[in-house]
Amino acid sequence: MGEKSSVKLHGFWASPFVMRAALALKIKGIEFEYIEEDLLNKSEQLLQYNPVHKKVPVLVHNGQPIAESLVILEYIDETWTDPPHLLPKDPYQRAKHRFWAPYFQTLFDLMLKTLKTEGEEQQKALNELLGKLDVAEEGLKEIFPTGAPSFQDGSPGYLDIVFCSFFGAPETMEEFFGARLLTPERYPLLSSWAAALSQVPAVKEVTPPAPKMVGFLKFMRQNALKSNA
């Protein structure tokens with residue numbers, strides 16, 4: 001691409017959305033500077049780069065900011081065109097991947113609801129989450145007709161990255177929820193997919209340590225329940 005480009009990523013260590021951007025950059029082999037943000041005292045740069053949402057992640061490429069994690073993934077793939085590619089070349093498959101990516105966002109919203117509630121309300125959110133996972137387990141068979149990818153001969157792509165950002169650390173989720181969410185009996189495809197992703201070196205590199213993440217989730221839950229009281 002001619003002169004070496006300047007790439008910076010503004011993020012927060014526990015954000016799954018920041019994890020997406022960092023993982024995509026690592027898969028593509030792009031060197032970048034990571035800037036940790038204090039979300040309680042956001043930097044002037046972050047507020048300038050993302051004045052609409054004022055959130056991380058923000059990718060800054062040669063001084064130009066790009067916000068929103070899914071937009072960032074596509075920007076990375078379109079800007080650095082050498083393999084590995086994040087999105088499939090086939091237009092139909094690309095469309096299917098783009099369809100399922102926001103679906104996983106709805107799952108994350110329900111995960112947050114189970115984190116911030118208790119009792120009947122928490123159980124209702126959990127049941128809805130499991131129901132949506134049932135839909136994903138069945139629907140993704142169109143994309144993975146022979147089963148979940150193993151990544152032995154390839155790198156994670158766009159949809160893998162999105163799924164991984166929420167479900168790529170099974171041990172963290174199990175420790176926090178006190179039970180395994182993606183059981184092989186109910187979710188053979190999803191559980192195999194998550195397990196395979198958790199073994200990818202780049203995924204391990206960007207995944208926060210389980211004890212630290214569990215501690216953060218417990219802190220969030222305590223604060224949320226206090227606010228609800």
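This is a predicted model: local features need pLDDT of at least 70, side-chain atom pairs count only at pLDDT 80 or more; totals for chains, interfaces and linings use all residues.
Trainee: In what order do the strands of the open sheet stand, and how should I think about their pairing?

Mentor: Strands of a sheet pair through backbone hydrogen bonds, either parallel or antiparallel. Here the open sheet has four strands in the order β2-β1-β3-β4, and the pairing is mixed. The edges are taken by β2 (33–36) and β4, each of which has a single partner strand, so one side of each is left without a neighbour in the sheet. On average, neighbouring strands of this sheet are turned by 20° against each other, direction ignored.

Trainee: How many bridges join β1 to β2, and do these strands run parallel or antiparallel?

Mentor: Strand β1 (residues 7–11) is joined to β2 by four bridges, and the two run parallel. Within this pairing leucine 9 stands opposite tyrosine 34 of β2, while histidine 10 has isoleucine 35 of β2 as its bridge partner. On the β3 side there are also four bridges, but β1 and β3 run antiparallel, and there the partner of leucine 9 is leucine 59.

Trainee: Is β1 mostly covered or mostly open, and which helix packs on the sheet?

Mentor: β1 is mostly covered, since four of its five residues are buried. The helix that packs on the sheet is α1, which touches β1, β2 and β3 and whose direction makes about 155° with that of β1.

Trainee: At what angle do α1 and α6 pack, and how far apart are their axes?

Mentor: Two packed helices are described by the angle between their axes and the distance between the axes. For helix α1 (residues 16–28) and helix α6 (residues 158–167), the angle is about 135° and the axes lie 9 Å apart. Angles over 145 degrees would count as roughly antiparallel and those from 65 to 115 as roughly perpendicular; α1 and α6 are therefore oblique to each other. Their crossing is right-handed.

Trainee: Which residues make the contact, and how do they divide into nonpolar, polar and charged?

Mentor: From α1 the contact uses Pro16, Phe17, Met19, Arg20, Leu23, Ala24 and Ile27, and from α6 it uses Ile161, Val162, Cys164, Ser165 and Phe166. The residues of this contact comprise 10 that are nonpolar, one that is polar and one that is charged.

Trainee: Turning to the backbone, which peptide bonds are cis, and where do their prolines lie?

Mentor: One of them runs from valine 56 to proline 57, with omega near 5°, and proline 57 belongs to the loop between α2 (44–49) and β3 (58–61). Another cis bond joins proline 83 and proline 84, with omega about 0°; proline 84 sits in the loop between α3 (69–79) and α4 (91–116).

Trainee: Where is asparagine 62 found, and what is its phi?

Mentor: Phi is a backbone angle to check residue by residue. For asparagine 62, a residue other than glycine, phi is positive, near 50°, and the residue lies in the loop between β3 and β4 (64–67). With a relative accessible area of 48%, asparagine 62 is partly exposed, as the exposed class begins over 50%.

Trainee: What are the phi and the place of glutamate 68?

Mentor: Glutamate 68 is not a glycine, yet its phi is positive at about 80°. Its place is the loop between β4 and α3, and a relative accessible area of 39% makes glutamate 68 partly exposed.

Key
Residues are numbered from 1 along each chain as its sequence is written. Side-chain values use heavy atoms; hydrogens and water are left out. Axes are lines fitted to C-alpha atoms, for helices over the stretch in contact, and angles run from 0 to 180 degrees between N-to-C directions. Angles under 35 degrees count as roughly parallel, over 145 as roughly antiparallel, 65 to 115 as roughly perpendicular and the rest as oblique. A crossing is left-handed if the near helix is turned anticlockwise from the far one by less than a right angle, and right-handed if clockwise. Contact means heavy atoms within 4.5 Å. Ala, Val, Leu, Ile, Met, Phe, Trp, Tyr, Cys and Pro count as nonpolar, Asp, Glu, Lys and Arg as charged, and the others, Gly among them, as polar. Buried means under 20% relative accessible area, exposed over 50%, partly exposed in between (1.4 Å probe, protein chains only). Two strands pair if DSSP finds at least two bridges between them.
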